[in-house]
There are 2 protein chains.
Amino acid sequence: MVPPAITPSYARELALQSRSAATSLACLNAARKNAWLKRLAADLRTAAASIESANDMDLQAAQAAGLSSAMLDRLKLNRERVESLAKAVEAVVTLPDPVGEVIAGERRPNGLQVNRVRVPLGVVLFIYESRPNVTIDAATLCVKSGNAVILRGGSESIRTNLVLGDLIAGSLRAEGLPEHAVQLVRSTDRAIVGDLLSMGKLIDVAIPRGGRSLIERVTREATMPVIKHFDGICHVYLDASADVRMSTDIVINSKCQRPGVCNAAETLLMHRDAAADFWPALARTLQDLGVQLRCCPESLAAISGGVAASDQDFHTEHLDLILNVRVVDSLDQAISHIRTFGSAHTDAIVTNCLAAAARFEAEVDSAAVVINASTRFNDGGELGLGAEIGISTDRFHARGPCGLREMTSYKYIIRGSGQVRG
Amino acid sequence: MVPPAITPSYARELALQSRSAATSLACLNAARKNAWLKRLAADLRTAAASIESANDMDLQAAQAAGLSSAMLDRLKLNRERVESLAKAVEAVVTLPDPVGEVIAGERRPNGLQVNRVRVPLGVVLFIYESRPNVTIDAATLCVKSGNAVILRGGSESIRTNLVLGDLIAGSLRAEGLPEHAVQLVRSTDRAIVGDLLSMGKLIDVAIPRGGRSLIERVTREATMPVIKHFDGICHVYLDASADVRMSTDIVINSKCQRPGVCNAAETLLMHRDAAADFWPALARTLQDLGVQLRCCPESLAAISGGVAASDQDFHTEHLDLILNVRVVDSLDQAISHIRTFGSAHTDAIVTNCLAAAARFEAEVDSAAVVINASTRFNDGGELGLGAEIGISTDRFHARGPCGLREMTSYKYIIRGSGQVRG
């Protein structure tokens, strides 16, 4: 596979084409966008074999390069996964079009009708690693929300992405949508990312999804706003009044149900009274599930088989079956720990005390504050947003899961009958 | 006046103190914030004489430095203006507290109650020029919306600002609010702006308000998100069906009511039919009001006393009694002109044609699209937002006037009864 010749103007051309596509996309009805989504789903099914064979080449190259089996699994896009992907595309058809929604409207005393109406953000630069299904997810979410998107996937999935990119382009043409609505960067040259990040006048937002170094690079170089998808150092705090059974269920689910994702718990905080009641039994259950426990001195002394936690552990997103454990004196100490060590992503309390729940809600400043449920619920699908393009750890523009609405801005429509200002 | 010693740690100390104040402010009830606002209004009235005398010194220095009379007028803060300022502070008392507002709430199928609740942005860095009343406006809007703010005013108003800063600090202490809720940079050293802009981990947003070079510097150096308040190259388009009287009123008001502000019109576009009907009479009216007309060949030929417009004129925010004029063939050409030359700030159409109004609304992508009213209405007070901290020309996070709500983010509160993810 020979990559296309990348000149300094390649990125600029991409950005200009996207800009122009964005203008048309902004005025497109949902019916047209949905027709494209349906065709794309059908085309994915038809092309399943060629997607799988391109993906096989990516997998072979990745295996030769020594990628871990977890990474290989993320990279894999076989027939079953293509079918799931087609179903995910069809699910976006059912989501309401955010564009044109009147967010607020008011008749002013002078008779002006002032409406705030949702509009697309414009051109999105989406930079991601590994999983090639994200190529399709991002394309569908951006177009459904009226945005043009430039997709820059990981080098390890370039062969799969080129096939998917051609499929998307073909379906756009077939449905008469702007052909540059979705553009794949057809090269793995890293310089092009820098070129694109310098184009703040043409590109409205950059969304990086991947490891820390990718996100830091994008944040440093971007001349446009960035929606970051950063660390999830998530906590579960068991209050003095926490129910044993509920605590056990929530801790296990938060830690073990899918340990490699950002909304999995990394740290268990327990009020001393809760710890006295049920920490040894909870610890055994966790250890039976293969969880390594990194404990504060007090929690370590009460069990066997734990290891001592370092300060660094409490700052770490393990993304693995490792749980930091700390006994605290009070709700205050729990909140203070979360403020110091957390990443403002997702933090949960298990409690039966109304006052404790209210204080936790008010004082823990995280994208998702969870009362008596698993941290795993901070997810677009679970929170009712439908599909999501990522979970923002920023507090500017969008926070938490970013669905279709989070991919929009708004404008004021002011309708009068000749009003002038006095 | 000896400025305080500025060490590299000065900016960091300011930012850390603001960060800590922001944590307390986020949980403060509106009653407490309103009590402070009332005291500040009273303190402003009490201190009117000392404010005026500090302002006199600023005015003398500015006069000696040769500032224009328009600049001197902007700088001036006499007793009458202090009284207006106190009234503006009292007006903020009446605005609803945005913090804690439930923006959306839903019961999920599994029984989770998912609410999206408004929270402050955190720490705001506000950098502005000239008008010292902005010091009070920004302080009151930030604190009412639960944000801590670092204020960096212009060097020409430093003496006035130091008095206002002391007044604010005293009123915060007297009401028991965090004393670092509002911090004034007590130096005119420009290096400190760079230091503050580098602190993206401590400061949540930078808001520059002033000339182009200030905004460009902030955009370039900021490591946190920026809400820009950039050019207003605003248009009024007179459609073929435009009413003569309404057109005249709206053009005059948009251009002349306050030509030095961002939502004043810079360019008049006229459909050929409208121009034929009433351009010569409208031109005379505008000229009688002292407006210089910079015209396309067609509009120039129809009047006397106009001058030929250059391409550059159509790209220029004159902020003066100068109006660019162009005759167009169609609505399409008007929209295309606005896309090419406009700054997506405020654009108006005068029309009696429903189809033209609908297309203008949909296809003109400006913060405010105005139908049959003056461009001057794109303003927080006029649109019902109450006071505003600026008019954003960005499309990310906030667009158009930024009132209290635009100074907030949100978090998800997820309330369950033991739910775990399957």
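This is a predicted model: local features need pLDDT of at least 70, side-chain atom pairs count only at pLDDT 80 or more; totals for chains, interfaces and linings use all residues.
## How the two chains are related

Chain B can be superposed on chain A with an RMSD of 0.0 Å, using a turn of 180° and a shift of 0.0 Å along the axis. That is the relation of a two-fold axis. Among the residues of chain B, B:H397 comes closest to this rotation axis, with its C-alpha at 1.9 Å.

The two copies meet through the same surface, because 98% of the interface residues of chain B are also interface residues in chain A.

Strands of a sheet pair through backbone hydrogen bonds, either parallel or antiparallel. Here the pairing also links the chains: β13 (residues 368-373) of chain A and β16(B) pair in the parallel sense over 5 bridges. Within chain B's strand β16(B), B:Y412 is the residue that stands opposite A:A368.

## Domains of chain A

Chain A is divided into two parts: domain 1, with residues 9-227 + 402-415, and domain 2, with residues 234-382. The centres of domain 1 of chain A and domain 2 of chain A, taken over C-alpha atoms, are separated by 35 Å.

## A four-stranded sheet in chain A

Chain A has an open sheet of 4 strands in the order β5-β4-β3-β6, with parallel pairing. The edges are formed by β5 (182-184) and β6 (205-209) of chain A; each has a single partner strand, so one side of each is left without a neighbour in the sheet. On average, neighbouring strands of this sheet are turned by 20° against each other, direction ignored.

Inside the order, strand β3 (residues 123-128) of chain A pairs with strand β4 (residues 148-152) of chain A in the parallel sense over 5 bridges. In this pair A:I127 stands opposite A:R152, a residue of β4(A).

Helix α6 (residues 133-144) of chain A packs on the sheet and touches β3, β4, β5 and β6 of chain A. The direction of helix α6 makes about 165° with that of β4(A). Another helix, α9 (residues 212-221) of chain A, lies across β3 and β6 of chain A and runs at about 165° to β6(A).

## Two residues with positive phi

Most residues other than glycine have a negative phi. A:H397 has a phi near 75°, a positive value in a residue other than glycine. A:H397 is found in the loop between β14 (391-392) and β15 (400-401) of chain A. A residue is counted as buried if 20 or more other C-beta atoms lie within 10 Å of its own. A:H397 has 21 other C-beta atoms within 10 Å, so A:H397 is buried.

In chain B, the phi of B:A344 is near 60°, again a positive value in a residue other than glycine. B:A344 is found in the loop between α14 (331-341) and β12 (346-350) of chain B. With 23 C-beta neighbours inside 10 Å, B:A344 counts as buried.

Terms used. Residues are numbered from 1 along each chain as its sequence is written. Chains are lettered from A and ligands numbered from 1 in the order in which they are written. Two strands pair if DSSP finds at least two bridges between them. Copies are superposed by least squares on the C-alpha atoms of residues with pLDDT of at least 70 in both. Two residues are in contact if their C-beta atoms, placed from the backbone, lie within 7 Å. Domain bounds come from an automatic or database domain assignment. Axes are lines fitted to C-alpha atoms, for helices over the stretch in contact, and angles run from 0 to 180 degrees between N-to-C directions. A residue is buried if 20 or more other C-beta atoms lie within 10 Å of its own, exposed if 12 or fewer, and partly exposed in between; C-beta atoms are placed from the backbone.
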